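Hi,

Here is the model I promised to pass on.

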Amino acid sequence: MLAGTAGAALWSQPPTLRIDRARLRRDIEALSVFGRPAGGAFADGVSRIGYSDADIAGRNFVMGLMRQAGLEPRMDAAGNLFARRPGQDNALPPILFGSHIDTVRSGGNFDGVLGSLGAIEVVRTLGDARVATKRPLEIVIWSCEESSFAGHSLNGSRAVVGALEKGELDLVSDGRPKHEAIRRIGGDARGLEEAQFRPGRFHAYVEMHIEQGGKLEQQGIPVGVVQGIVSIDHYSAVVKGMSNHAGTTPMADRKDALLAASELALAVRQIVTAEPGAQVGTVGHMEVWPNASNVIPGEVRMTIELRDLSADKIQRLGAKIEERARAIAAESKTEIVLQHEQHLDGAAASPRIQKMIEATANTLGLASIHLPSGAGHDAQMMARIGEMAMIFVPSVRGISHSPKEYTRWEDCGNGADVLLGTVLRLAAA
Ligand SMILES: [Zn+2]
């Protein structure tokens, strides 16, 4: 039985209970000192790399907050932190909610932190108001979410859904193999199998997060209801022309690989923007040979990346780009080999929980829109085994993964209020 909830009323109506905004802000500011540049201030951002000393210090701080909230933190073999608040029927699977507190190098103070400390604030608010829930509630702080371990991201959440790659535990980052990094923060790679979630481990997973894009701020909307996390298709293209003297080869006789590659890059934009929707396409990398001012480029290697909620749509756009590449090659007398390198599965958010988030925002008098997440999150791993949803709040100027990352305190509070209301609705369902 949870101390202090005896005789508490079970909310039958969606309540308009609100979190303590000043307390949430104090916690975010207090956590920001772990990994802060020497002599810096809050605005200088943070480097709290997963499994680092700063990460360990931050995790200890968070476990302290959990204990102050009357919860007993538990760490699994992957180093994920959990804290459970009992419900009235503890045989029921819990509502799982939280985020991560590790950051990229020279990152901001809100990515992951807001959803993590917001989750703790939700439980504290319920404790203060002596509100009991039918289902148990469980906070989770995922370990090493950012791509900071040998380029691998979502490390803790992938571990619990059995999505670690073969040999991944022996990968080395900062001079340490992954199994040792996990042990360093209190986990144990030998127990990873037992740490795996069984189907039905949770009733629903909810993550509140900053948008990391500029849509909400541009439209003046405080709450984003995430439709899902986008699928990604990676392509490589090799354009082969002919290197020749830049002074003696007439324009008509050239096979310029860079000109053809440039046309292909423009075609990506044209094809992606030719139909309505939130799909995006990017040529982010190009290598030119021989890359000399007086030689016609003979070969270009480039990448093409397509993202959208619909895997079918980006597959279709990829086929169009391939068709255009053939035409460009014929026109420019070059050879273009386009190869599909990788498909990353996206994840759909639960329509049922999206409705609850929207209704909660409504009750609080907050406008909301539905939007996709163009970035990856631990939530996409949870979607593999259960219902998942995400709540977005505005990122000022859409900046993230930077010390300039900022979300207005008012928006932080709104996000935590919406998380609280959504969790209450789910816990009563
Ligand atoms: Zn994040």
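In what follows, a residue is buried if its relative accessible area is under 20%, exposed if over 50% and partly exposed in between, using a 1.4 Å probe and protein chains only. Helices (H or I, at least four residues) and strands (E, at least two) are DSSP runs, numbered from the N terminus. Bear in mind that this is a predicted model: local features need pLDDT of at least 70 and side-chain atom pairs count only at pLDDT 80 or more, while totals for chains, interfaces and linings use all residues. Residues are numbered from 1 along each chain as its sequence is written, and side-chain values use heavy atoms, with hydrogens and water left out.

I'd start with strand β3 (residues 95–100), where six of six residues are buried. In a regular strand, side chains alternate between the two faces of the sheet. In β3 both faces are covered: I95, F97 and S99 are buried on one side, and L96, G98 and H100 on the other.

Next, the neighbours of β3. Two strands pair if DSSP finds at least two bridges between them. β3 runs parallel to β4 (residues 137–142), joined by six bridges, and parallel to β7 (residues 204–210), joined by three. I95 has L137 as its bridge partner in β4 and stands opposite A204 in β7.

Now the zinc ion. Its protein donors (N, O and S atoms within 2.8 Å of the metal, or 3.2 Å for Na, K and Ca; water is not among the atoms, so sites may look incomplete) are H100 (NE2), D111 (OD) and H209 (NE2), at 2.0 to 2.2 Å. Their spacing in sequence is H-x10-D-x97-H. H100 sits in β3, and D111 in the loop between β3 and α3, 11 residues apart. Both H100 and D111 are buried.

On packing: a nonpolar core here is a set of buried Ala, Val, Leu, Ile, Met, Phe, Trp, Tyr and Cys residues joined through side-chain atoms within 4.5 Å. The largest has 53 residues, of which M66, F97, L117, I139 and L419 touch the most other members. Helix α12 (residues 409–428) supplies its largest share, 10 residues. α12 is largely enclosed by the rest of the structure, because 17 of its 20 residues are buried. Beyond its neighbours within four places in sequence, L419 has contacts (heavy atoms within 4.5 Å) that include F97, V206 and M208.

Cheers
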